[in-house]
There are 2 protein chains.
Amino acid sequence: MAKFSKDSTCYACNLKHNLFRFLTDDELKYINKSRYEVHYKKGENIFKQGDAFTHIACLTYGMAKVYLEGENDKNVILRLLRPVELIGSPGFQVDSRHHFSVVTIQDSRACFIDANVFEQVLKSNSPFNLEFIKYINSATIRLFNKLTGLTGKHMHGRIADALLYLSDQVYKKSSFTTNLSRQDIADMTALTKESCIRILKEFKDEGIIEYGSNSFNLLDKEKLEMISRVS
Amino acid sequence: MAKFSKDSTCYACNLKHNLFRFLTDDELKYINKSRYEVHYKKGENIFKQGDAFTHIACLTYGMAKVYLEGENDKNVILRLLRPVELIGSPGFQVDSRHHFSVVTIQDSRACFIDANVFEQVLKSNSPFNLEFIKYINSATIRLFNKLTGLTGKHMHGRIADALLYLSDQVYKKSSFTTNLSRQDIADMTALTKESCIRILKEFKDEGIIEYGSNSFNLLDKEKLEMISRVS
DNA sequence: ATATTATATTGACAAATATCAATTTATTTT
DNA sequence: AAAATAAATTGATATTTGTCAATATAATAT
């Protein structure tokens, strides 16, 4: 289970996210008053789809997966979060519910800001507000790409995209160690884990990548990009 | 080609969209100054993906499809617009580009509001701003459902969803005439038109629906909802 | 270290879906 | 109305992807 830090105050995070650079000292103080931090073990829920949305979170340490829980147990991983990354919810101003789940894939920490406090600051600070809209809209653009990728590409292209995403956006190395399971990679690509494993094997046999049980090395990124393009 | 109305002023639309109820008279006047209307024939682009985003649009008459243009000619129709419906762009505050295309499926009219003017009003009116965030977030929630639907359901479920969407959200009747082609319905469901046609035929053979070349009658909605659920 | 459990892998096969070509039907133009 | 064009339909077939069961490997608990 998650445990609160001693006094529920966030030491590690100093509202470092880009978004907060638009706040005045007073606003930062106001937000800080309600702010607290939670420590998570690997595999714990930061947010749970369907649950009440009361706080904006900010991942300050570790890593987490953001995913949609479909009806028939099928999850779709939208993206991975690294520090320092904000986690809002489209339920904000709509139904105050979470519409995705966020689960840590390693020991992590997150900072929480009361959604009402956040709303107050949004109201009083229009540059901050526009920046928040920018944040939301960027997420929408990513979602568009996810949608066209998952509906328009075949298995090879989707696995290539997932590997490139991990390498370029998440781990920022062509060779990386990860806590993601094969099922997780399957959930990133909307495939079954068996299909996922088969494509990975193909890529390995063709010398495009090499991997162990929890590490990947992208030997030929250009090839992966080509595969992503032709599907 | 689209043609401007005589003096480029919008008569039909009086900023009727829900969103605008939060504006003061002065703000409405300010927006109205830059506002103009365009008439479209069926099949014309209101917005084109990739093009510069300079204006928010509001569909005041007719109907339009909003779709993502994928790489290999594969389009995904996100939704259909009816009057009076706002059409923003996730490029707002991000890259000032359109990330989807909007094309009329019948003769239509749209009202345009300068994005800079819109931004000014957003800045000065925080209830309006929060309402706009609500608007964006609602769109995100719809997108989540689209994503889980298209990746998690089989052909039958997806066609059922499209038919129910048309009936419940767009035409608001269980029997309706539409300008959507079979290709359009295929684009709503991320299927090929041939597969789409086959499922429609199956549904017809089972007495769940009946249809002509441009009309549908949903005889058994409960069955469709059941099909949507089990796949 | 050993037993236990979870995860990953493989193969054979079935199901879902797309492709391609041919034909029919509808729509538009002359 | 006839001709021309576009859209819808159908069938045969290939491709893609999932399912299920068996085995192997890794991770965790005793």
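Visitor: Into which domains is chain A divided?
Guide: Chain A splits into domain 1 (3-128) and domain 2 (152-230). Such bounds come from an automatic or database domain assignment. This is a predicted model: local features need pLDDT of at least 70, side-chain atom pairs count only at pLDDT 80 or more, and totals for chains, interfaces and linings use all residues. Residues are numbered from 1 along each chain as its sequence is written, chains are lettered from A and ligands numbered from 1 in the order in which they are written, and side-chain values use heavy atoms, with hydrogens and water left out.

Visitor: How far apart do the C-alpha centres of the two domains lie?
Guide: The C-alpha centres of domain 1 of chain A and domain 2 of chain A are 28 Å apart. Contact means heavy atoms within 4.5 Å. Here 11 residues from domain 1 of chain A and 11 residues from domain 2 of chain A take part.

Visitor: How much area do the domains bury between them?
Guide: Interface size is often given as the accessible area lost when the parts come together. Buried area uses a 1.4 Å probe and is summed over both parts. Domain 1 and domain 2 of chain A bury about 1,000 Å², 56% of it on carbon and sulfur atoms. A:Ile77, A:Leu80 and A:Arg82 supply 48% of what domain 1 of chain A buries against domain 2, more than any other three residues.

Visitor: Which residue forms a salt bridge with A:Lys65?
Guide: A salt bridge puts a side-chain nitrogen of Lys or Arg within 4 Å of a carboxyl oxygen of Asp or Glu. A:Asp184 is the partner of A:Lys65, with the closest N and O atoms 2.8 Å apart. The count between the two domains is 1 salt bridge.

Conventions
Buried area is the accessible area (1.4 Å probe) that two parts lose on being put together, summed over both.
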